[in-house]
Structures are given as structure tokens and as C-alpha cells.
Amino acid sequence: MKFPKSVNVLLLGSGGRENAFAWKIAQSERLAKLFIAPGNAGTKSCGTNVEMNPTDFAILKQFVISNNINLVVVGPEDPLVKGIYDYFMDDNDIMNIPVIGPSALGAKLEGSKDFAKNFMIKHGIPTAQYKTFTKDNIEEGYTFIDSLSAPYVLKADGLAAGKGVVILDSAQEAKQELSDMLSGKFGAASSKVVIEEYLSGIEVSVFVATDGKSYKILPEAKDYKRIGEGDTGLNTGGMGAVSPVPFCDEEFMEKVRKSIVEPTIEGLKTDEITYKGFIFIGLMNCDGEPKVIEYNVRMGDPETEVVIPRIKSDIIDLFEGIAFGSLKSRELEISEETAATVVCVSEGYPGDYRKGFAIEGLDQETDSIIFHAGTTTEGKNVITSGGRVLAVTSFGKSVGEAVNKSFKTIDNIDYKGKYYRKDIGKDLI
């Protein structure tokens, strides 16, 4: 099967990741119409924003029928975990409209830390040792903490808006955190808590596209999670990213392919898990050996903003391969240039922050790509509407050149409370 010659696409989401997808989809010669639900001020220049909730599947159904949609691309994890793929496949009216994303069972690789860890252990995928605890065996949790060396990693089993992972240096603090989490600190997401050994090394994100049978490894990326320079302060949704990653040489990536990517794809097949979409594999490079920290069942943010621009081939062609089981024969052409993204956030993020401030400098002449994350429009003005506001991506022959281009562009952007890290990529130079 194939898409028609001209394709109508519905893209779900509203962040920087979705702006990057929209930017790339809009470049395809095969695109007829692109709708983004709900989108942001940046996606408006790529297609038509539609005020719809990505998890209101009944409304989405009516929209795709009314607008002759041929493809649904899911950006964020929430619709996937809530079963959008299954909803479409189980409905005779829309079952022929491909959804880029896994089934609800496949989405448990992100939706449940316990499920993901069990999957890794079952299929021999290298990861940290772990155990899962509930209120009923909390005392065993305390004992397990005592058996580990600091620091201690505690993860809420379910989705907790990116806040469910806590790393602590003290066993006593870890025990208190376990008690707090199981007492409802993260609501239902922490009714079960995974405690695992701390992996020491350098993090890297590897992205895989799969049609459920074959796969293609997309460009890898390194992101910067902490709010402060020098990787200090609170964890955020991401303050920047760089791709490619210098330490991910052919030898390391071959280890990733053999010990992680292939067993993951084979594991999905063995367990009869339907998966047609992207897998984000968060890895730790432990003295040259890759180990999995976590799976996400969609592209990352802000990594998408460096990965997608490096893909030179037609993305609708890639989606067609994923949707119809022909990914193996599809071309994936990657730019050899380095891409660097620097994220501009609102003052106070990731804690309390104010929004509604006008953004100036978006119309400047620049070599950078300005992706919108937390923005909306008010009359003719683009205003801030989120913690992460913009992701500025630039290309260069080196990390330093790419990052400096993004810094230069950001210097000409202004809004009240603008903040960004000035050390993105410096550890790789």
C-alpha cells in the first residue's frame, strides 16, 4: 500500500518538536495540506492550526473524515499512551488512516517504567539493575536502597510530566522520597516506584524509526537537561541539543545497534507488540559500553529540533515506509553538518514563570531556524505561552560554529524574562 500522490497530514502537538516536524513536512513535494492540532505561533507558517485536543479521539475522528486526512503523525506521548493507534485501528470508518506511533501496549515502554525494565531484562538489553515497589512492600524498598551505592535513582512508574525521576545522594533522603512518591507525590503515576542503580557516564539519545519489522537509525543527539550552566540546578524538558555526538563513533554505534536496537525490535516482534513509529532510546555511555536508561515512544524535545533538520530525504516518504511496512526500502539521507539547538525559556522555568510577553526579533535575517515551543499569537504579536519558548537551531562544520550561530540569532530576539544557557555544546568542543 501507498499514500495517494498528494497527502493530507494531521500533526498532533504544540511544542518545538511539532514545529520541527511541521517545518520538515511542509518541504515535501508530496504534501497537499498540513493541519496541526493545536500547534503554536510557529507552526502557522507551515500549515493550518486547528483548535483540537490531541487526546479527544472522537473529535479527531470527525476531523480526519471531514478533511480527507491520509496520515496522522503523533508528536507527544500522551495520545499514544492513551491508545490513539488502537482507537483508529479498531474503528471501521478510520482504520485505513495510518497513525505514526505505537499501539497502547507498545506505548507502555514509556508509560510504565516497570513494563520497560521488564522488557529490557526479558530481551537481554543492557540496563541498570532495578526493583519495583508499592506501598505494600515499602520496607523492602528501604532495604534495596541500603544495598545500593549512592547516588540513588527513583522513578515514578507512570507519566509525570517529565518530573517523575529523582536522583539523590543520601540513602535517608532516598527513603523519604520513596515514601513521598508512594504517598501520592506524583498522583497515580507514583503508585509504583522503580528504584535502580545509578549509571555513571555520558548520556546520549538514539532515535529509531520502525515499521514493526525493520528499522532505520536516525541521527543521534546529546541534550542538556539542567536549567543552569555547567549542568547545575533543576531538571527541565531540555535546554539545548547537539547532533551528531562526537563520542558516538562507528564502533560505539555498532554496539548500540547490536546490543540495543536489534534486540528491541526483535523483542517487539516476539512479544507481538504493534509498533509503527519512533523509538527514543536514552542511553548512557559507560566507559564505551551503551546501557539503556529509558525508552520514549516518540521523538524527543529538543532533540527533534537537531535531528529532523539533518534529514535530507523526504519525510513523507519515510512515514509511508513506517505506515505500510516498507521502511527497509526507503532512502534515509543524512546531512554530515553539525546541528545545534539552544532553547530560550521563560524566567523562573522549570518552576513558576510568567507568560504573555511579546517576542521581538523573530523576523530577523538569519541562517538559523527559529522553532516555536511555548508561543501563541495575540493580534499581530507573537507572545510567550510556556516555559520553553523557542528552540533556535543552526548548522555548522563544528559544534562551536553551529552553537555560536544560534547564540547570535538569540541575541537579536527579545522578550521579558528571556533566559538561555550559554554553555550548550561546550563540553563537546
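Which residues does L109 touch, not counting residues up to four places away in sequence? Before I answer, please keep in mind that this is a predicted model. The list for L109 is F115, A116, F119, L268, Y275, Y295 and V297.

The largest nonpolar core has 48 residues, and L109 is in the group that touches the most other members, together with L10, V72, I84, I281 and Y295. Helix α9, residues 250-270, supplies the largest share of this core, with seven residues. Apart from that core lies another one, of 35 residues, and F3, V9, F280 and I322 are among them. As general background, nonpolar side chains in soluble globular proteins tend to be buried together.

How do the axes of α5 and α6 cross? Helix α5 covers residues 104-111 and helix α6 covers residues 113-122; their axes come within 6 Å and cross at roughly 100°. Angles of 65 to 115 degrees count as roughly perpendicular, and α5 and α6 are therefore roughly perpendicular to each other. On the α5 side the contact is made by L105, K108, L109, E110 and G111, and these meet K113, F115, A116 and F119 in α6. By type, the residues of this contact are five nonpolar, one polar and three charged.

Helix α1, residues 16-25, packs against α11 at an angle of about 105°, with the axes 8 Å apart.

While we are at α11, look at E320. E320 sits in this helix, which runs over residues 315-324. Is E320 buried or exposed? The relative accessible area of E320 is 2%, and buried means under 20%, so E320 is buried. Leaving aside neighbours within four places in sequence, E320 is in contact with K2, F3, R30, S326 and R330.

Next, a sheet. Four strands form an open sheet in the order β6-β9-β7-β8, with antiparallel pairing. Inside the order, β7 (residues 152-156) and β9 (residues 193-196) pair in the antiparallel sense over four bridges. In that pairing, L154 stands opposite I195 in β9.

Two helices pack on this sheet. Helix α7, residues 138-147, touches β6, β7 and β9, and its direction makes about 155° with that of β6. Helix α8, residues 171-185, touches β6, β7, β8 and β9, and its direction makes about 5° with that of β7.

Last, the backbone. Most residues other than glycine have a negative phi, and most peptide bonds are trans. Where are the cis peptide bonds I want to show? One runs from A150 to P151, with omega near -5°, and P151 lies in the loop between α7 and β7. Another runs from S243 to P244, with omega near 0°; P244 is in the loop between β15, at 240-243, and α9.

As for phi, N68 is not a glycine, yet has a positive phi of about 50°. N68 is in the loop between α2 (57-66) and β4 (71-74), and at 52% relative accessibility N68 counts as exposed. D231 is not a glycine either, and has a positive phi of about 55°. The place of D231 is the loop between β13 (226-228) and β14 (232-235), and with a relative accessible area of 40%, D231 is partly exposed.

That is the end of the tour.

Key
Residues numbered from 1 in each chain as written. Predicted model: local features only at pLDDT ≥ 70, side-chain atom pairs only at ≥ 80, totals over all residues. Heavy atoms only, no water. Pairing = 2+ DSSP bridges. Contact = heavy atoms within 4.5 Å. Axes fitted to C-alpha atoms, helices over the stretch in contact; angles between N-to-C directions. Core = buried A, V, L, I, M, F, W, Y, C linked by side-chain atoms within 4.5 Å. Buried < 20%, exposed > 50% of the residue type's maximum accessible area, 1.4 Å probe, protein only. Parallel < 35°, antiparallel > 145°, perpendicular 65-115°, else oblique. Nonpolar A, V, L, I, M, F, W, Y, C, P; charged D, E, K, R; others polar.
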